Amino acid sequence: MAILPVVTYDDPVLRQPAEPVVPDHPGLEEFIDDLFDTMYEANGVGLAAPQVGVSLKLFVVDADAITEEEDEESFGPGVFINPEIEVLEGERWDAEEGCLSLPEIREKVTRPDTIRIRYQDRDFQTREEVHSGWYGRVLQHEYDHLRGVLFIDYLGAFRKRLIRKKLEEIRTGAVQAAYSLAPKSTEAGNQG
Ligand code: NI
């Protein structure tokens, strides 16, 4: 059990497609526990492996805290391995999102409401579920991390310009978070 440092948006690992997970991946059980510990420590509702610098197709969620507020069906801790998401019919809607890799940034994002997700659970049993509402949104946000997409990619040019300064502050390490962020290496600082 360990709290892992979270990498910020400027880390290249967040921009590359994650690698499929095999059942006998060394240390997988412990890594999943660490992801949960790290997510809870940071008060997050989801955390994807690339966010702790590990390029694996895997994320954890616990959306209970937000879904209860919305008076929706509540979902406990979930492990999603090798997920694939398909967008189903339904209206698109806006909501403010944040991301542990983008501390202090919250922006409105438009997403489809209903998705079908196919994945393996912690026991590598294949599952298929349909989700909508807040939980469906959390799953889409985390799934995006596994294909190198961040929520700021959905913003229009105007909003992107408004957050430019804050992004620069995150990149240079000037932004502090209430949880552990990965230290900025000189190498990462040179990436522009
Ligand atoms: Ni995120």
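In this predicted model, strand E2 (residues 58-61) and strand E3 (residues 78-87) run antiparallel to each other and pair over four bridges. Pairing here requires that DSSP finds at least two bridges between two strands; strands (E, at least two residues) and helices (H or I, at least four) are DSSP runs, numbered from the N terminus. Within this pair, Val61 faces Gly78 of E3.

Both strands belong to an open sheet of five strands, ordered E1-E2-E3-E6-E7 with antiparallel pairing. Strand E1 (46-48) and strand E7 (126-131) form the edges, each pairing on one side only. On average, neighbouring strands of the sheet are turned by 35 degrees against each other, direction ignored. Helix H1 (residues 28-41) packs on this sheet and touches E1, E2 and E3 (contact: heavy atoms within 4.5 Å), with its direction at about 45 degrees to that of E2. Axes are lines fitted to C-alpha atoms, for helices over the stretch in contact, and angles run from 0 to 180 degrees between N-to-C directions.

Turning to strand E5 (residues 107-112), we find Arg111 within it. Arg111 has a relative accessible area of 3% and is therefore buried (under 20%, with exposed over 50% and partly exposed in between; 1.4 Å probe, protein chains only). Its side chain makes a polar contact of 3.0 Å with that of Asp144, the term denoting N or O atoms within 3.5 Å, one able to donate a hydrogen and the other to accept it, with residues adjacent in sequence counted only if both atoms are side-chain atoms. Beyond neighbours within four places in sequence, the contacts of Arg111 include Glu91, Trp93, Arg137 and Tyr154.

Residues are numbered from 1 along each chain as its sequence is written, and side-chain values use heavy atoms, without hydrogens and water. Local features need pLDDT of at least 70 and side-chain atom pairs count only at pLDDT 80 or more, whereas totals for chains, interfaces and linings use all residues.
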